[in-house]
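Here is a walk through one protein model. Please keep the sequence and the structure in view as you read.

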Amino acid sequence: TTFYIILGTTNMSFNTTEVDIELKLETQVEPSQVYFNEDVKAMTDIKTESDIGSAITHRFTVSIKKLLPCVMHNDVHFT
């Protein structure tokens, strides 16, 4: 699975060349208790998703802990 983080440019300078960002990842799984009943099936015996086992839902929350735009000041002189 691929996910993207899209940042807005509101309140960022046009001179911003880098962004230092610190992210926080939180995960949740439902149900919280999952077990393996050791009843192994052959691939040919699996016809539906429920033959594999109970569905598990994963939730991921990504939040920004720190966002610091870095501005490079280069003095460029043309002659």
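**Surface, strands and links**

Of this protein's 79 residues, 0% count as buried. Buried stands for under 20% relative accessible area, exposed for over 50%, and partly exposed for the range in between, with a 1.4 Å probe and protein chains only. The model is predicted: local features need pLDDT of at least 70, side-chain atom pairs count only at pLDDT 80 or more, and totals for chains, interfaces and linings use all residues. Residues are numbered from 1 along each chain as its sequence is written, and side-chain values use heavy atoms, with hydrogens and water left out.

The protein has zero helices and two strands. Both terms refer to DSSP runs, numbered from the N terminus: helices are H or I with at least four residues, strands are E with at least two.

How much of the accessible surface belongs to carbon and sulfur atoms? The share is 53%, out of about 8000 Å². Such areas come from the Shrake-Rupley method with a 1.4 Å probe; for residues, only the protein chains shown count as cover.

Part of the surface forms a nonpolar patch of about 960 Å². Among its members are Phe 3, Ile 5, Leu 25, Phe 60 and Leu 67. Two elements, β1 (16–30) and β2 (57–71), each give two or more residues to this patch. Patches take residues with over 30% relative accessible area and no salt bridge; like charges are joined within 9 Å, and nonpolar side chains (Val, Leu, Ile, Met, Phe, Trp, Tyr) within 5 Å. Ile 5 lies in the segment before β1. Ile 5 counts as partly exposed because its relative accessibility is 41%.

Now turn to the charged pairs. The whole structure holds two salt bridges. A salt bridge is a side-chain nitrogen of Lys or Arg within 4 Å of a carboxyl oxygen of Asp or Glu.

One joins Glu 22 to Lys 65, with the closest N and O atoms 3.7 Å apart. This pair links distant parts of the chain: Glu 22 sits in strand β1 and Lys 65 in strand β2, 43 residues apart. Glu 22 is partly exposed, at 34% relative accessibility. Lys 65 is exposed, at 53%.

Arg 59 pairs with Glu 30, and here the closest N and O atoms are 2.7 Å apart. Arg 59 belongs to strand β2 and Glu 30 to strand β1, 29 residues apart, so this pair too links distant parts of the chain. Arg 59 is partly exposed at 40%, and Glu 30 is partly exposed at 42%.
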